[in-house]
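Here are some notes for a first look. Please keep the sequence and the model side by side while reading.

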Amino acid sequence: MDQWRPEPLPLFQTPEWVKVIGVFDLETTGVDVTTDRIVTAHVGLLDAGGAVIRARDWLADPGVAIPEGATAIHGITTDRARDEGRPAPEVVDEVVGALRALLDAGIPIVAYNAPYDFSLLKYEALRHGVGPIDDPSPVIDPLVVDKAYDRWRRGKRTLSVVAAHYSVRLEGAHEASADAVAAGRVAQALAERFAPWLPTTAGELHTRQIAWARAQAASLTDYFIQIGRLDPEDRLDGSWPIR
């Protein structure tokens with residue numbers, strides 16, 4: 001009599017969208033997406049193994065003084081931006097063009113805390129007479145995905161902390177190229193870790209992130225009201241991937 005053997009467990013493949021991903025990050029003069037300006041930008045491509053296969057960096061003269069607090073984060077001074085940076089309208093136009101090319105090709109763009117980078121770029125485009133990207137898709141935001149699949153993990157969710165959690169090296173944090181590449185590799189690590197539950201297409205994942213981001217903002221709003229950080233009538237904006 002043949003000995004019974006259990007059926008092998010199914011093997012889950014990582015989603016197709018990880019094979020080639022775009023990556024995008026900005027370093028800026030501040031945190032207000034409507035008024036602050038781009039200082040540096042990075043748009044690139046990673047292959048399935050996380051290797052950089054295309055990269056472009058920009059240094060802009062934002063046309064305003066860079067606050068010391070911002071310089072302390074990304075290292076770019078006002079004098080350096082004025083001496084070495086290109087005119088902001090040219091930089092904004094080229095960054096928008098590079099992102100449009102990826103989206104038109106159906107390549108998902110990874111941006112950590114996507115509403116910040118895409119919204120600031122939108123307002124910069126409007127400021128300089130460049131046609132803005134109003135509805136970027138597909139976008140992958142490792143911050144939103146990580147919160148959705150590991151909701152109860154304690155600790156901060158900054159890129160450096162989340163990268164370390166998923167064993168992704170981040171050298172030169174707050175440098176646009178380093179942050180963009182690390183975010184892309186975190187997205188790939190998430191895809192591998194949560195393959196059985198993740199959507200197989202970037203389009204479906206994009207749609208789910210819209211709902212996840214809204215729910216995450218509502219939950220954080222309730223917490224902030226509870227601890228007195230927000231007034232009960234105030235709400236955090238959960239729009240994603242652009243505000």
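Which residue takes a positive phi just after α8? G228 does, at about 85°.

This is a predicted model: local features need pLDDT of at least 70, side-chain atom pairs count only at pLDDT 80 or more, and totals for chains, interfaces and linings use all residues. Residues are numbered from 1 along each chain as its sequence is written, and side-chain values use heavy atoms, with hydrogens and water left out.

1. **Helix α8.** Helices are DSSP runs of H or I with at least four residues, strands are E runs of at least two, and both are numbered from the N terminus. Helix α8 covers residues 202-226. The expected span of a helix is 1.5 Å times one less than its number of residues. For the 25 residues of α8 that gives 36 Å, and the end C-alpha atoms are 36 Å apart, so the two agree. Buried means under 20% relative accessible area, exposed means over 50%, and partly exposed lies in between (1.4 Å probe, protein chains only). The buried residues of α8 include L205, W212, Q216 and F224. Their cover includes β6 (139-140) and α5 (142-149).

2. **Helix α4.** This helix runs over residues 114-127. Its 14 residues reach 20 Å from first C-alpha to last, close to the 20 Å expected. Helix α4 is mostly covered, with eleven of 14 residues buried. Just after α4, G129 takes a positive phi of about 70°.

3. **Nonpolar cores.** A nonpolar core is a set of buried Ala, Val, Leu, Ile, Met, Phe, Trp, Tyr and Cys residues joined through side-chain atoms within 4.5 Å. The largest one has 61 residues. W17, F24, V95, L99, F118 and L121 touch the most other members. Helix α7 (residues 176-193) gives the largest share, nine residues. Another core, of six residues, lies apart from it and includes V39, I66, I76 and A81.

4. **V95 in detail.** Contact means heavy atoms within 4.5 Å. Which residues does V95 contact, leaving aside neighbours within four places in sequence? They are F24, A41, V43, W58 and L121.

5. **S177.** This residue sits in helix α7. S177 counts as buried because its relative accessible area is 17%. Beyond four places in sequence, S177 is in contact with H42 and D57. S177 and T207 are 30 residues apart in sequence and 27 Å apart in space, C-alpha to C-alpha.

6. **Salt bridges.** A salt bridge is a side-chain nitrogen of Lys or Arg within 4 Å of a carboxyl oxygen of Asp or Glu. The structure holds twelve. R153 meets D146 at 2.7 Å, N to O. R153 also meets D150, at 2.8 Å. R153 is buried, at 18% relative accessible area. D146 is buried too, at 0%, while D150 is partly exposed at 23%. K19 and E16 pair at 3.0 Å. K19 is partly exposed at 47%, and E16 is partly exposed at 48%. R56, R86, E90 and E94 are linked in a network of salt bridges.

7. **Surface patch.** L220, Y223, I227 and L236 make a nonpolar surface patch of about 330 Å². Nonpolar patch members have over 30% relative accessible area and no salt bridge, and their side chains (Val, Leu, Ile, Met, Phe, Trp, Tyr) are joined within 5 Å. Areas come from the Shrake-Rupley method with a 1.4 Å probe. L236 lies in the segment after α8. L236 counts as partly exposed because its relative accessibility is 31%.

8. **Backbone points to check.** The peptide bond from S137 to P138 is cis, with omega near 0°. P138 is in the loop between α4 and β6. Another cis bond joins W240 and P241, with omega about 5°, and P241 lies in the segment after α8. S167 is not a glycine, yet its phi is positive, near 60°. H174 is not a glycine either, and its phi is about 70°. S167 is exposed at 67%, whereas H174 is partly exposed at 41%.

Key: Patches are made of residues with over 30% relative accessible area and no salt bridge: like charges are joined within 9 Å, nonpolar side chains (Val, Leu, Ile, Met, Phe, Trp, Tyr) within 5 Å.
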